[in-house]
Amino acid sequence: MPKSLVIVESPAKARTISKFLDKSFIVEASIGHIRDLPRGASEIPDKLKSESWTRLGVDIENDFEPLYVISDNKKSLVKKLKEKLKNVDMLYLATDEDREGEAISWHLVQALKPKAPVARLVFHEITKSAIQDALDNPRDIDKNLVMAQETRRVVDRLYGYEISPLLWKKVAPRLSAGRVQSVAVKLIVDREKERSAFTPSTYWDITATLKPVKGASFGATLRSVDGKKLAGGKDFDPKTGNLLDPKLAVYGEKKIKKLLESLEKSDWSVANVVTKPIKQSPPAPYTTSSLQQDANRKLGMAARDTMRVAQSLYENGHITYMRTDSTTLASEAIKGIRSKISRDYGADYLPAQPRLYKSKVKNAQEAHEAIRPAGSSFPEPVKLKSQLDARGYKLYDLIWRRAVACQMTDARVSQTTIDINATKAEFRASGRIIDFDGFLKVYSPPVNNSNGKTVAALPKVKNGEALDLKEIDPVSHITKPPARFTEATLIKELETLGIGRPSTYAAIIDTIMRRDYVFKKGTALTPTFIAYAVAKLLENFFPSLVDPTFTAQMEDDLDAISRGELERTPYLHEFYFGSKSWQGLKKLVGQEIDARDICTFELGADSNGEAVNVRIGRWGPYVERGDSRARIPDGLAPDELTIERALELIEAESDGPTELGRQSETDEPIFLLNGRFGPYLQLGERDNTKGAAKPKQKSLLPGMTPDEVTLEIAIKILSLPRELGNHPETDEPVIADLGRYGPYLKCGDETRSLSASDNVIKVDLKQALEILKRPKRKSFRRASKALKELGEHPDRKGVTLRILNGRFGPYITDGKTHVSVPNGSDPQSVTLEEAVALYETKLGSPPRKKKKSVRKKTTKNISPRKTATKKSSRKTASGKATAKKTAA
């Protein structure tokens with residue numbers, strides 16, 4: 001029987017596809033790309049290392065020919081695939097159907113050089129019928145898609161490798177620039193600047209509780225006085241906080257209370273009642289972008305996690321391909337959904353004709369169908385609950401509901417508005433009744449009432465009907481600055497502007513967080529001052545590259561290459577070397593840049609007119625006034641650093657440490673100081689002599705402010721760790737202490753964190769024993785419990801593999817070597833054989849016996865390179881300035 005080799009990207013996908021193929025097919029995984037541009041000098045072939053262009057990995061002088069290399073950790077895999085090819089009659093490349101998948105297939109052909117015929121298999125869902133259809137209709141590799149992916153890769157490499165070194169020199173090390181990530185950073189920084197420039201405005205209104213002759217009481221809000229409309233939240237500029245229309249009335253507290261007195265004596269009556277029927281249509285089925293946004297809003301999932309879980313659902317055959325811009329559905333899918341609606345919900349919920357959706361996204365083309373449950377039967381989420389983990393179940397439930405809802409009837413709502421007169425004032429009440437829930441039956445959360453149909457309903461009243469005033473209250477409002485971007489709103493903004501591809505948004509957000517350009521306050525993406533400096537440099541010297549319009553045009557051009565409408569080489573030549581209308585990247589990176597100017601931001605001036613600035617230094621951002629400096633605490637958002645806050649930091653720093661008193665036993669002074677991570681206590685003075693012991697230091701208790709610290713409390717905190725007694729069962733000491741992550745108890749190998757109510761300086765042995773009995777809370781930083789025990793490596797004696805959950809996802813480890821579980825793969829379904837393949841790929845070579853090596857002794861002194869010694873003006877507890885030496 002003829003044999004065929006099928007190559008996909010991941011082991012999970014390979015395992016699922018194998019279920020639908022007979023024994024004549026061998027299914028293997030490439031585990032992503034097997035070739036790429038070199039990541040460092042060590043990957044560049046020796047014969048090319050003398051070439052200047054190899055640092056870019058792209059030959060800019062010869063039609064921008066990329067240098068592709070097989071990384072060390074993929075060489076054994078390539079060898080394995082070549083061996084498999086020797087015994088087959090056909091090679092099928094079944095990588096994903098987007099540009100990246102097309103490029104992986106092309107690289108496989110280039111690296112493996114197969115003698116057997118090659119065909120490309122494309123399917124948007126992993127079901128038996130879809131795979132059979134792909135086998136019946138194979139195609140060639142799409143060269144235009146490959147060229148488009150390669151062009152994007154080259155553009156991104158030139159952008160990153162030319163601009164990132166500038167950031168290292170002018171701002172800080174380990175930073176990066178990117179075609180999409182840099183625009184995303186600038187958007188976040190610009191929003192923070194808008195927040196800083198925002199002027200809050202206060203306005204007042206009045207709410208009244210009214211009761212008609214018949215029916216329940218309802219609430220109404222003041223709308224106008226003497227025919228002049230009152231300003232509401234929407235009447236203030238969201239960017240500046242200023243009133244948009246000066247003709248509107250803005251009432252202060254005194255004026256509103258005076259009006260309140262007259263309203264309490266007024267007669268209240270209905271002036272007008274308007275009821276309008278409203279139709280609410282269902283949203284389109286999910287694209288990559290809308291799924292990431294909805295999962296973030298409804299499930300609290302980060303974009304990266306959403307894509308990882310969606311990848312697992314796809315590779316295990318539960319949903320269609322998850323990287324898509326399309327909102328269309330296959331006719332078989334529409335037929336299956338309509339059948340389900342008719343059967344499970346009735347004819348009232350089924351529209352006469354199928355709903356068709358058009359994508360609003362520019363260049364929507366990545367896949368042919370929206371994200372939906374795979375197949376045509378659309379199994380309910382509850383039927384798959386036993387097969388999915390918690391997050392997989394929630395995401396599948398979301399996808400299922402959206403797909404079914406998109407083919408249901410409109411919801412019909414009655415919107416009612418009641419205008420009310422009270423002498424010279426006019427109030428308004430609004431409410432609505434859901435007459436027919438339609439698609440809301442599936443896609444809407446349940447409403448909080450018995451019949452499930454009324455939402456904020458108003459009583460039936462007539463024009464002129466008298467109303468009884470039950471309660472009336474003045475309400476103060478303060479306008480809020482523009483909201484910071486969340487992951488969901490940033491993705492929406494990038495998509496609206498036409499920047500980047502939805503499939504890359506998760507990686508972009510992950511990158512800007514890892515590079516410390518942003519941090520999260522709740523769900524909000526908050527920029528750091530490092531991001532401010534990077535945005536300033538790019539805006540001043542590379543304005544086009546961070547201009548959303550220019551970047552969106554680049555996206556259009558790259559899509560035109562994928563359609564064969566634009567030539568690759570001329571486009572890259574213009575981007576790098578320039579044209580009449582564009583300087584080109586090469587000229588731009590040669591500009592003179594003043595690092596001090598880039599890393600300085602004016603805050604304002606103190607009462608004496610002396611300038612106060614924010615500076616980015618070697619050890620992070622700080623505020624500066626003349627010769628006085630103070631670190632900016634971690635976690636302080638730029639819009640929270642006002643001139644007043646900056647002066648407080650400088651004054652606190654210049655005052656030096658506060659001496660609270662002395663410890664009675666040793667007569668050592670106890671100081672209260674302020675450090676990078678907040679206030680802390682120190683016992684004794686710091687001795688700057690080389691080799692001298694550091695004084696004991698402890699942070700304040702959680703939630704404690706410096707004003708609350710007394711000498712008595714300080715002595716108790718500095719006396720930690722505190723031995724409470726011995727455990728009655730193990731006879732080991734029970735210790736209470738305050739560590740890096742807060743207060744905790746320790747007994748032998750057992751540790752438990754203490755809550756705010758369990759005071760570490762007051763907790764006794766009895767309380768501690770009760771706390772130690774509690775189950776240990778899962779720690780984000782530790783992954784001691786294995787997700788899965790895989791067993792002993794078949795070829796390496798004494799090596800046991802297991803899967804742990806780390807900060808960046810699940811990984812396979814032997815205790816020393818770690819290898820990530822491929823994105824989207826379910827850790828529980830990874831077999832020992834698959835783990836061994838990944839493990840060996842990471843090691844890059846088959847097991848070898850270690851040879852004993854003899855080290856040559858040397859008397860030569862190896863020391864770090866000397867650099868200039870930099871003096872620090874910061875005062876320490878000893879009151880003396882310290883000198884810090886920095887190593888290269």
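The questions and answers that follow concern a predicted model.

User: Which residues is Phe25 in contact with, leaving aside its neighbours within four places in sequence?

Analyst: Phe25 belongs to strand 2, which covers residues 25–29. Contact here means heavy atoms within 4.5 Å. With the neighbours within four places in sequence left aside, the residues in contact with Phe25 are Ser4, Val6, Tyr92 and Leu135.

User: What separates the C-alpha atoms of Phe25 and Val88?

Analyst: Phe25 and Val88 are 63 residues apart along the chain.

User: What is the order of the open sheet of four strands, and which are its edge strands?

Analyst: The pairing within this open sheet is antiparallel, and its four strands follow the order 25-26-27-28. On average, neighbouring strands are turned by 25° against each other, with direction ignored. An edge strand pairs on one side only, and the two that do so are strand 25 (722–726) and strand 28 (750–753).

User: Which residue in strand 26 is the bridge partner of Asn726?

Analyst: Strand 26 takes in residues 733–739, and four bridges pair it with strand 25 in the antiparallel sense. Across this pairing, the partner of Asn726 in strand 26 is Pro733.

User: Which residue in the turn between strand 27 and strand 28 has a positive phi, and of about what value?

Analyst: Strand 27 (residues 742–747) runs antiparallel to strand 28 and is joined to it by four bridges, with Lys746 having Thr751 in strand 28 as its bridge partner. The two strands form a hairpin with two residues between them. In that turn, the residue with a positive phi is Gly748, at about 65°.

User: How many nonpolar, polar and charged residues make the contact of helix 9 with helix 15?

Analyst: Helix 9 passes helix 15 in a left-handed crossing. From helix 9, Ala303, Arg304 and Met307 take part, and they meet Ala506, Ile509 and Asp510 of helix 15. By class, the contact of helix 9 with helix 15 consists of four nonpolar, no polar and two charged residues.

Methods: Residues are numbered from 1 along each chain as its sequence is written. This is a predicted model: local features need pLDDT of at least 70, side-chain atom pairs count only at pLDDT 80 or more; totals for chains, interfaces and linings use all residues. Side-chain values use heavy atoms; hydrogens and water are left out. Two strands pair if DSSP finds at least two bridges between them. Axes are lines fitted to C-alpha atoms, for helices over the stretch in contact, and angles run from 0 to 180 degrees between N-to-C directions. A crossing is left-handed if the near helix is turned anticlockwise from the far one by less than a right angle, and right-handed if clockwise. Ala, Val, Leu, Ile, Met, Phe, Trp, Tyr, Cys and Pro count as nonpolar, Asp, Glu, Lys and Arg as charged, and the others, Gly among them, as polar.
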